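Welcome, and please load the model in your viewer. We will go from one selection to the next and look at what sits around each.

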Amino acid sequence: MVHTEEICSHEVSRLFLASISKPKTAFTFDVLDHFLIDALECKTSAMSFYQKLKRFTNNAFPERDRYRELMRVSWLWRDLKHRKWFGFGHDMEQDPGDRGLALFCPACPQPGVNLPADWKVCYDRDTIMRQYVIDGNFTAQHMKMNKPELDVALSDGKGYMVAEVPYQSHLKQSLNSKERSTCSNHRAINAANINKSNLQSTRIGATACAQHGCFVPHSVVDFQKGERYMNMDYSICDALGYHSDSITKALVIYDVGCQWSINFRSRVKNGPSLLLPPALEIVPTVGKFHLAAHKLSCFPRYSLNFIKGAGHLDGEILETLWGLFIKISSTARSMTQAHRQEVYDDHMRDSNWKKLVGMVPSLLKKYKNSNKCLEEMNQAYEQLTAVLDPDKVARWESDALRAEADRGEALDIYLLKGDKAPSFQEVWLQLMKNPKSPSGNVGLVAQLAEGISIEDSQDQLSPMSTRQEVTIHERRQRLSSRIEKFHCNAQAFCKGLDIDGTFTPQDDPAFCGSDKEEHEDREFKDDHEGDWEAPEEEVEGLALELMSIWMPSSIGAAKLTELGLHDLLKEERALRIGQANDCDCLDQLRTDLGNKAMLY
C-alpha cells in the first residue's frame with residue numbers, strides 16, 4: 001500500500017488508485033491479488049487483512065486508517081479480474097449477462113457444450129439424465145441494511161446468486177402456501193414460517209450437480225422466512241433450464257423431496273416466473289443420510305438405490321460444500337446486499353474452479369475403483385443367483401422392471417414386509433382367551449406370567465449405593481412376599497413335584513460363574529466397599545435376586561415329560577417370546593449384530 005501527497009512521483013505501473021480524481025492512495029496489484037487469495041483460501045476478512053498490512057508497513061506507528069479505501073479498491077479489483085478471465089475485460093460495450101461470470105461442471109452432460117452432435121442416438125435418457133441436489137444453508141444470514149438505496153451492484157445475477165429484481169418480483173407473485181409436513185418432523189419445512197425482524201435473509205439455498213458438487217450458475221437464492229418452497233422452486237427451475245436442451249429426465253435430490261414434489265408441478269403452472277423445459281420428467285429423491293429420518297414408506301419411493309442411472313450417489317454433497325461457507329457467514333452477515341452477493345459468487349466460482357482442475361484425476365480414480373468393484377459384485381451376484389429358485393428370480397426381475405417403469409406405489413415391493421411381533425401382554429391375553437390351553441388350566445398362564453415378572457424384579461435388584469439401600473430393602477421385602485406366595489400357588493399345578501428350596505436354571509454353564517470365581521472377585525474389592533452389610537435375607541440363605549423361581553424351564557423338558565407337564569413349556573415359551581419382543585429388544589439385537597458385522 002502506498003500513500004503520498006504526490007502519487008505521480010512514484011512509478012505508476014502496477015498500482016491501483018483508490019480514487020480517480022486527486023488520488024493520494026494506491027494499492028499494488030500484488031497486494032490486491034494476495035487479498036483475493038487470502039479471502040478464498042484462508043477466509044480472511046478485509047479487516048484482518050488490513051490490520052496485517054498496517055503491521056507490515058509500520059508496526060510501531062501505524063498511519064491513517066485506509067480500511068475504506070481497501071474495501072472499495074478490492075471490490076473493483078475483484079470485478080475487473082473476473083471480467084478479464086471470462087473475456088469481457090477489454091470490451092466495454094458487451095455485457096456478460098446472467099451467468100456470464102460463472103463456471104459450471106465440465107463432466108455433467110450439456111448439449112452444445114460437451115456432448116456430440118448425435119448424442120440423442122448414442123446415449124439413452126438415463127445416461128444423460130441431469131442430476132441435481134438442492135439444499136439450504138442455515139448459517140448464511142444477512143442483516144437488514146440501514147440505507148439500501150445506496151447499494152451498488154457490479155455483477156448482479158452474473159454469477160451464482162440470482163438477479164435481485166426478478167427474484168423479488170417472483171416472491172411477490174408467488175402464493176405463500178403454508179404446507180406442513182405429512183412425513184417426519186422436518187426442520188426445513190416446519191421452520192418455513194419463522195421470521196426474524198433484524199434479518200433481511202435467514203439463509204441461502206443452492207442447487208449443485210449431484211455427482212461432482214459444482215454449483216449451478218444463477219441458482220442460489222436468499223430465504224426470507226425459513227426454507228419455503230417458493231424459494232427452492234425458483235432455484236431448481238433456473239438450474240433445470242441451464243444447458244439442458246432436449247434432455248427429458250432430471251434427478252432432483254432434496255432433503256424433503258417427498259413433500260416438495262407433491263405440488264411442484266402446480267406451483268410451476270401458477271407461477272409466471274417459473275419455467276421448465278418441455279417434456280421434462282422429474283424424479284424426486286431424498287439423500288441417503290436424511291432418508292433415515294423419514295417415514296418407512298419413503299424409503300422405497302425416494303431412495304437413490306432404486307433409480308436407474310443414479311449410480312452410487314449419497315445425495316449429500318452440498319453438505320460438504322456448506323462447510324466452507326460457514327467460515328465466511330459471520331463476515332458476510334453485515335455486508336451490503338451487493339457486496340455479500342459478489343463475495344458468495346467469488347467463493348462458489350473458486351469452488352467450481354478447484355473441481356474443474358481436479359476433475360480428470362478424480363474421475364480416473366473413480367473409474368478404476370468402479371471397474372474393480374463391478375467385477376467383485378458380478379461374481380457375488382452370480383453365486384447368489386445360482387443357489388436361488390429360477391422361478392423366483394424371474395418373478396423378482398419382472399417386478400423390478402415394473403417398479404422401475406411405474407414408480408410410486410409400485411416401488412413398495414422393496415419395502416421390508418414383516419408384522420410386528422406380539423408383546424408380552426398381548427401373548428398373555430391371547431393365552432388367557434384361548435379355551436384350548438395346552439396345559440388344560442387357564443389359571444396357570446397367570447402363574448407363569450407372575451413368575452416372569454418376579455424374575456424381572458430380581459434383575460432390578462442390582463448392587464446399590466448407600467442412598468439406594470432403603471429403597472432396595474423395601475423392594476426385597478415385597479419381592480420376598482411375592483416369591484413365597486408364588487411357590488405356594490405353584491403347588492396346585494405341580495402334581496406332587498417338590499419345589500421347596502431353590503432350583504438351578506438350565507442355562508449354558510459358560511455364562512454362569514462358579515463359587516470359586518465369585519470368591520476370587522470378592523478378594524479384590526476396594527476397601528471402601530467393606531462397610532456394606534448384606535440384608536437379612538442374604539445372611540439367612542440365598543439372596544433373593546439369586547434365588548431360582550420355579551418355572552417349567554428351570555427343571556428341564558425331560559422331568560416335565562415324566563410328570564406329564566411338558567405342555568407347560570409351550571406356554572412359557574410363548575410368554576418368553578413376548579417378553580423378548582417388549583421394547584423391540586430383538587430388533588435392536590439384530591441391528592447391533594449387523595453393525596458389528598459391518599465394523600469388524
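Start by selecting Thr-202: leaving aside neighbours within four places in sequence, Thr-202 is in contact with Phe-138, Ala-140, Gln-141, Phe-223, Gln-224, Lys-225 and Gly-226 (contact means heavy atoms within 4.5 Å). Thr-202 sits in the loop between β6 (199-201) and β7 (203-209). Helices (H or I, at least four residues) and strands (E, at least two) are DSSP runs, numbered from the N terminus. Is Thr-202 buried or exposed? Thr-202 counts as buried because its relative accessibility is 6%; buried means under 20% relative accessible area, exposed over 50%, and partly exposed in between, with a 1.4 Å probe and protein chains only.

Before you go on, a word on the ground rules. This is a predicted model, in which local features need pLDDT of at least 70 and side-chain atom pairs count only at pLDDT 80 or more, while totals for chains, interfaces and linings use all residues. Residues are numbered from 1 along each chain as its sequence is written, and side-chain values use heavy atoms, with hydrogens and water left out.

Next, show the second largest cavity. A cavity is a set of points on a 1 Å grid over the protein atoms alone where a 1.4 Å probe fits but cannot get out; a pocket is an open set with protein on both sides within 12 Å along at least five of seven lines, and lining residues have an atom within 4 Å of a point. The second largest cavity holds about 40 Å³ of space; grid points are joined across faces, edges and corners, and a volume is the space filled by probe spheres set on the points. To see its lining, select Glu-164, Tyr-167, Gln-168, Gln-200, Ser-201, Asp-222, Gln-224 and Gln-337. Gln-224 is also among the contacts of Thr-202. Helix α5 gives the most to this lining, with 3 residues.

Now move to the largest cavity, with about 70 Å³ of space. Its lining is Trp-75, Arg-78, Asp-79, His-82, Leu-101, Ser-155, Glu-342, Asp-345 and Arg-349. Both α3 (67-85) and α13 (337-357) give two or more residues here. By type, the lining has 2 nonpolar, 2 polar and 5 charged residues (Ala, Val, Leu, Ile, Met, Phe, Trp, Tyr, Cys and Pro count as nonpolar, Asp, Glu, Lys and Arg as charged, and the others, Gly among them, as polar).

For the largest nonpolar core, pick out Phe-104, Cys-105, Tyr-132, Ile-236, Leu-240, Trp-260 and Phe-264, which touch the most other members of its 33 residues. Such a core is a set of buried Ala, Val, Leu, Ile, Met, Phe, Trp, Tyr and Cys residues joined through side-chain atoms within 4.5 Å. Helix α7 gives the most to this core, with 8 residues. Zoom in on Phe-264: beyond four places in sequence, Phe-264 touches Asp-233, Ile-236, Cys-237, Leu-276 and Ile-282.

Strands β9 (residues 249-254) and β10 run parallel, joined by 5 bridges (two strands pair if DSSP finds at least two bridges between them). Look for Val-252, opposite Pro-284 in β10.

Finish at the second largest pocket, about 1,200 Å³ of space. Closest to its centre, among 27 lining residues, are Gln-211, Gly-311, His-312, Leu-313 and Ser-370. Helix α14 gives the most to this lining, with 10 residues.
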